[in-house]
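Please walk through this protein with its model open beside the text.

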Amino acid sequence: MKLTESVKYTRSPLRARRTVAAAGAMLGWLGWAAVAGADTVTDWDAKAMAVASAAALGEREAAIVDLAMFDAVNSVEQRYQPYLVKLAAASPTSPEAAAATAAATALAGLHPESAASFKAALSEYLAHLDGAPEALANGVRLGEAVALKMLEARANDGATAVDPYRPKTRPGQYVPTATVVASTWPTLRPFALASPSQFRPGPPTALKSREWAADYNEIKELGGKTSSRRSAQQTETARFWLMVGPQAYHPLAWEVVRDRHLNLLDCARFMALFAVTLTDSYIAVFDAKYHYEFWRPVTAIRNGDLDDNPATERDPTWQPLDATPLHPEYPCAHCILSGAAAALIASLAAGQPLPDLSLTSPTAPGVTHHWSGLEDFTTEVANARIWAGFHYRNSTRVGTAMGREVAQYVLTHTMQPLGGAAAH
């Protein structure tokens, strides 16, 4: 099932091509004439993306939905270690019905205000599934039971804990009053990592160093709102990657799933691994961000006379291309996510050629970017955060490397094959 209507776009060095055709809506409630196999998983992952909360919270929701689908299908086929539970499946049981019901139940628990919509969507979806009534009914019961256990397991994980962040100030001195984002995530219980700080990197660049001066001056020249050094293409790319949350990465996973013709269970496992890895990447990067609390370029450049580095000249009116994200700078969050996503996609490719990957963005309407290689993809994301005026070069390198580390850990520590079965 085709989930998005794409616009082709190619430019050197991104190898993207733009056409006149307008992109269809990235998501919405999907229609279907027939459903089977892996489409069930990608359809409901898309539904989760369509209603996801902003940024990191949305990725956590996708992880809960995708894990519920995996454990439900795996309870029927039993080829992998379960993530959380392996329930007894009656015979016969429709694994597609189990997956769809698990997703709908998880979504209703995450978004109770829309529970009636999810119930209606599930009824319509089940009506188009092939299978004996008994098998479908058994699948519904199994999927619901698995999802409820998944929701219970994550109910108090700390994702929505009360924000305790203490602004840095002196008595009587004004500080900007915007609330920071995800300050509680350094204590959030990971889905797979042993701890949020497991892959915490070393400190950011020393302010007296040549590297700091080089990073400072690069972003000062290329990331400013009125920069004359940044090209039109670079500006467009920066705006493209202003999007956040599952919509920024999950469509790439769907493309690879379709290209590899995965069966239902292997698709469910891959999407669960993908969502878990990205969520734990968010946890890992926020752990590092709030540990180091390194200043953003808009702060550093307006205070360039305070870093004790003669090569960083102050610009008192400098602004980034767009509004700076409300959390500390180091490391780059988009970079850890792109590094993690690339590593997961590479693992599924298993050394075989990948399809060209493409993606649209709500923050760059009418454009789709297209990549022929994963390194091109991660490089673009890193450059985009510099061109937007958000991150220094060193931060992008560290973030991308962290993402690969998180992905490798998740791949080797959860949902492993049983009895030496091959993982796809």
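The second largest pocket has a volume of about 330 Å³. This is a predicted model, where local features need pLDDT of at least 70, side-chain atom pairs count only at pLDDT 80 or more, and totals for chains, interfaces and linings use all residues. Residues are numbered from 1 along each chain as its sequence is written, and side-chain values use heavy atoms, with hydrogens and water left out. The pocket has 20 lining residues, and Ala55, Val244, Pro325, His327 and Arg385 are the closest to its centre. Helix 2 (55-77), helix 9 and helix 11 are the elements that give it two or more residues. Helix 11 supplies the largest share, three residues. By class, the lining divides into 14 nonpolar, three polar and three charged residues. Here Ala, Val, Leu, Ile, Met, Phe, Trp, Tyr, Cys and Pro count as nonpolar, Asp, Glu, Lys and Arg as charged, and the others, Gly among them, as polar.

Some terms need their cut-offs. On a 1 Å grid over the protein atoms alone, a pocket is an open set of points with protein on both sides within 12 Å along at least five of seven lines; a cavity is a set where a 1.4 Å probe fits but cannot get out; lining residues have an atom within 4 Å of a point. Points are joined across faces, edges and corners, and a volume is the space filled by probe spheres set on them. Helices are DSSP runs (H or I, at least four residues), numbered from the N terminus.

The largest pocket holds about 940 Å³ of space. Of its 23 lining residues, Tyr165, Val175, Pro176, Val180 and Thr299 are the closest to its centre. Its lining has 14 nonpolar, five polar and four charged residues.

The largest cavity has a volume of about 40 Å³. Among the residues lining it are Trp212, Asp215, Phe294, Glu329 and Tyr392. Helix 6 (210-222) and helix 13 (393-413) each give at least two residues to this lining.

Now return to helix 11 and look at its partners. Helix 9 (residues 264-292) packs on helix 11 (residues 333-349) at an angle of about 150°, with the axes 9 Å apart. Axes are lines fitted to C-alpha atoms, for helices over the stretch in contact, and angles run from 0 to 180 degrees between N-to-C directions. The two helices are therefore roughly antiparallel, a label for angles over 145 degrees. Residues in contact (heavy atoms within 4.5 Å) include Phe270, Phe274 and Tyr282 of helix 9 and Ile336, Leu344 and Leu348 of helix 11. This contact has 15 nonpolar, two polar and one charged residues.

Helix 12 (residues 374-387) also packs on helix 11, at about 175°, with axes 9 Å apart. That makes helix 11 roughly antiparallel to helix 12. Ile345 of helix 11 is among the residues that meet helix 12, and Ile345 is also among those that meet helix 9. On the helix 12 side, Arg385 takes part in the contact. Arg385 is also one of the residues closest to the centre of the second largest pocket.

Helix 3 (residues 95-110) and helix 5 (residues 133-154) pack otherwise. Their axes come within 7 Å and cross at roughly 40°. They are therefore oblique. The contact residues include Ala98, Ala102 and Gly109 of helix 3 and Gly139, Gly143 and Ala147 of helix 5. By class, eleven are nonpolar, five polar and one charged.

Technical notes
Angles under 35 degrees count as roughly parallel, over 145 as roughly antiparallel, 65 to 115 as roughly perpendicular and the rest as oblique.
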